[in-house]
Amino acid sequence: DVKVTQSSRYLVKRTGEKVFLECVQDMDHENMFWYRQDPGLGLRLIYFSYDVKMKEKGDIPEGYSVSREKKERFSLILESASTNQTSMYLCASTGGNTIYFGEGSWLTVV
Amino acid sequence: GNSVTQMEGPVTLSEEAFLTINCTYTATGYPSLFWYVQYPGEGLQLLLKATKADDKGSNKGFEATYRKETTSFHLEKGSVQVSDSAVYFCALSGWSSASKIIFGSGTRLSIRP
């Protein structure tokens, strides 16, 4: 089975902190994605990567950056967390034209 | 660009009722179509998919048929159960291996015993 693992399920961070959300997939997928999910807004794409060291902005990249140093790992970085970044963050990878999701990371910024 | 429009929720049904959640899409080329399900507190799981016109995806009693003529991929189930209560997302993927997956806004389904 494909496994997409997000390192933290629940985090509470302070405004202005730098936050790292880590995601690892074990199926040698080339494409990886970060989404955020908010009530009434569905899933919105933040960034995606189609190869190591490659990245492309999604629909809402402002306030975020990403890192893909190894094929299996895709990190989302909040340079200076703000309260409007309180959300659930979902990592995903694609293989065979199907997208596989991690369990999600619930981030609260206070 | 590509887009997905799905039926707004919430949808509330009684157990054993017939379910339809509508999904239509706009896309160039030949996209693949998906339904994902999200149970409370969890990530999204693939429910079913179809990769070409007239294909029918099915899983756990759910079905959806890829209709190119009406650009639709409606989700159906003949007899829903309380355990089907979840949020359902329609999605499409373009033909390129580097294509983004585009999701609909999600439909919350609640089933009454």
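The structure is a predicted model, in which local features need pLDDT of at least 70, side-chain atom pairs count only at pLDDT 80 or more, and totals for chains, interfaces and linings use all residues. Residues are numbered from 1 along each chain as its sequence is written, chains are lettered from A and ligands numbered from 1 in the order in which they are written, and side-chain values use heavy atoms, with hydrogens and water left out.

The interface was examined first. On chain B, 20 residues are in contact with 21 residues of chain A; contact means heavy atoms within 4.5 Å. The size of an interface is often given as the accessible area lost when the parts come together. Here the buried area between chain B and chain A is about 1,600 Å². Buried area is the accessible area (1.4 Å probe) that two parts lose on being put together, summed over both. Carbon and sulfur atoms give 54% of the area between these chains. Between chain B and chain A the count of salt bridges is zero. A salt bridge is a side-chain nitrogen of Lys or Arg within 4 Å of a carboxyl oxygen of Asp or Glu. Four residue pairs, with both residues at pLDDT 80 or more, are in polar contact between chain B and chain A. A polar contact is a pair of N or O atoms within 3.5 Å; within protein, one must be able to donate a hydrogen and the other to accept it, and residues adjacent in sequence count only if both atoms are side-chain atoms.

On the side of chain B that touches chain A, the elements giving two or more residues are strands E5 (32–38), E6 (44–50), E10 (86–93) and E11 (101–103) of chain B. Helices (H or I, at least four residues) and strands (E, at least two) are DSSP runs, numbered from the N terminus. E5(B) gives the most to this side, with four residues. By class, the side of chain B that touches chain A has eight nonpolar, nine polar and three charged residues. Ala, Val, Leu, Ile, Met, Phe, Trp, Tyr, Cys and Pro count as nonpolar, Asp, Glu, Lys and Arg as charged, and the others, Gly among them, as polar.

Disulfides were searched for next. The whole structure holds two over all chains, a disulfide being a pair of cysteine sulfur atoms within 2.5 Å. One joins A:Cys23 to A:Cys91, with an S to S distance of 1.8 Å. The torsion about its S-S bond is about -75°, so this disulfide is left-handed. A:Cys23 lies in strand E4 (residues 23–25) of chain A and A:Cys91 in strand E10 (residues 87–95) of chain A, so the pair ties together parts 68 residues apart in sequence. A:Cys23 is buried, at a relative accessible area of 0%. A:Cys91 is buried too, at 0%. Buried means under 20% relative accessible area, exposed over 50%, partly exposed in between (1.4 Å probe, protein chains only).

In chain B, a disulfide links B:Cys23 and B:Cys90, with sulfur atoms 1.9 Å apart. Its S-S torsion is about -70°, so the disulfide is left-handed. B:Cys23 lies in strand E4 (residues 23–26) of chain B and B:Cys90 in strand E10 of chain B, so parts 67 residues apart in sequence are tied together. B:Cys23 is buried, with a relative accessible area of 1%. For B:Cys90, also buried, the value is 1%.

Over all chains, ten salt bridges were found. Side chains of opposite charge can pair when their charged atoms come close. B:Lys56 pairs with B:Glu63, the closest N and O atoms being 3.6 Å apart. B:Glu63 is partly exposed, with a relative accessible area of 32%. B:Asp84 and B:Lys77 meet in a salt bridge of 2.8 Å, N to O. Both B:Asp84 and B:Lys77 are buried. In chain A, salt bridges with shared partners join A:Arg36, A:Asp38 and A:Arg44 into one network. Within it, the closest N and O atoms of A:Arg36 and A:Asp38 are 2.8 Å apart. A:Arg36 and A:Asp38 are both buried.

Two residues of chain A complete the account. A:Met32 lies in strand E5 (residues 31–38) of chain A. A:Met32 is buried, with a relative accessible area of 0%. Leaving out residues up to four places away in sequence, A:Met32 touches several residues, among them A:Cys23 and A:Cys91. The C-alpha atoms of A:Met32 and A:Ser49, 17 residues apart along the chain, are separated by 5.3 Å. A:Ser65 lies in strand E8 (residues 64–70) of chain A and is buried, at 16%. A polar contact of 3.0 Å joins the side chains of A:Ser65 and A:Glu79.
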